[in-house]
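Please check each of them against the structure itself.

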Amino acid sequence: MITRPLRYPAAWPAEKEREKGIDVLIAVDFVTMARDDRYEIGILASADTDLAPALEYVAKHKSMSKRVEVVAWRSQSARGRLSVSGLNVWCHWLDRTAHDAVADLTDYGL
């Protein structure tokens with residue numbers, strides 16, 4: 001488990017605090033682990049479009065020859081998924097039942 005410090009906006013607590021830098025860390029790990037041949041299939045479980053360049057880089061970089069897939073939540077409010085232009089990236093759609101089955105309820109607070 002890797003954590004990053006929270007950033008508190010001026011309007012806090014009315015505006016929610018945010019964890020900064022996690023998307024960049026995930027993108028770096030996704031690319032680095034592909035380059036180091038640490039996986040055959042890379043699956044990103046996020047709809048954060050900041051991760052799209054990492055997904056595209058691994059998917060299109062021929063020397064890595066990695067398969068990439070994504071996981072996304074299917075609900076009334078969340079229908080987005082990561083994709084790569086020109087490639088058919090498989091999406092594992094998860095609903096509330098699937099979410100509840102894999103939910104990690106561990107409190108990772110320090």
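This is a predicted model: local features need pLDDT of at least 70, side-chain atom pairs count only at pLDDT 80 or more; totals for chains, interfaces and linings use all residues.

1. Residues are numbered from 1 along each chain as its sequence is written, and side-chain values use heavy atoms, with hydrogens and water left out.

2. The protein chain has 3 helices and 5 strands, which follow the order β-β-α-β-α-β-β-α from the N terminus on; both kinds of element are DSSP runs numbered from the N terminus, helices being H or I with at least four residues and strands E with at least two. The C-alpha trace spans about 45 × 30 × 25 Å along its principal axes. Taking contact to mean heavy atoms within 4.5 Å, 43% of the contacts between residues at least 6 apart in sequence join residues at least 24 apart.

3. Aspartate 23, in helix 1 (residues 22–35), is buried, with a relative accessible area of 18%, and, leaving aside residues up to four places away in sequence, touches Asp48, Asp50 and Leu51. Valine 28 is also found in helix 1, but counts as partly exposed at 44% relative accessibility. From valine 28 to aspartate 100 the C-alpha to C-alpha distance is 28 Å, the two being 72 residues apart in sequence.

4. On charge, the protein chain has 15 positive and 16 negative side chains, and the centres of the two sets lie 5 Å apart. Lys and Arg count as positive and Asp and Glu as negative, with His and the chain ends not counted, and each charge is placed at NZ of Lys, CZ of Arg, CG of Asp or CD of Glu. The structure holds 5 salt bridges, each defined as a side-chain nitrogen of Lys or Arg within 4 Å of a carboxyl oxygen of Asp or Glu.

5. One of the salt bridges joins aspartate 37 and lysine 66, whose closest N and O atoms are 2.3 Å apart. Aspartate 37 lies in the loop between helix 1 and strand 3 (41–45) and lysine 66 in the loop between helix 2 (52–60) and strand 4 (67–73), so the pair ties together parts that are 29 residues apart in sequence. Aspartate 37 is exposed at 58% relative accessibility, whereas lysine 66 is buried, with a relative accessible area of 11%.

6. Another salt bridge is formed by the side chains of aspartate 36 and arginine 35, at 3.0 Å from N to O; aspartate 36 is partly exposed at 38% and arginine 35 exposed at 56%. Arginine 96 and aspartate 100 also form a salt bridge, with their closest N and O atoms 3.1 Å apart. These two residues are 4 residues apart in helix 3 (residues 96–102), and are therefore separated by about one helical turn. Arginine 96 is exposed, with a relative accessible area of 59%, and aspartate 100 is partly exposed at 44%.

7. The structure holds 2 aromatic pairs. In the pair of tyrosine 8 and tryptophan 12, the ring centres are 5.0 Å apart and the planes stand at 80 degrees, so the pair is edge-to-face. Rings of Phe, Tyr and Trp (its six-membered ring) pair if their centres lie within 6.5 Å, and planes under 30 degrees apart count as stacked, over 60 as edge-to-face and the rest as tilted. Tryptophan 12 is partly exposed, with a relative accessible area of 43%.

8. A cis peptide bond, with omega about 15 degrees, joins tryptophan 12 and proline 13, and proline 13 sits in the loop between strand 1 (6–7) and strand 2 (18–19). Aspartate 37 has a positive phi, near 55 degrees. Serine 65, which is not a glycine, has a positive phi of about 40 degrees; serine 65 lies in the loop between helix 2 and strand 4 and is exposed at 61% relative accessible area.

Conventions: Buried means under 20% relative accessible area, exposed over 50%, partly exposed in between (1.4 Å probe, protein chains only).
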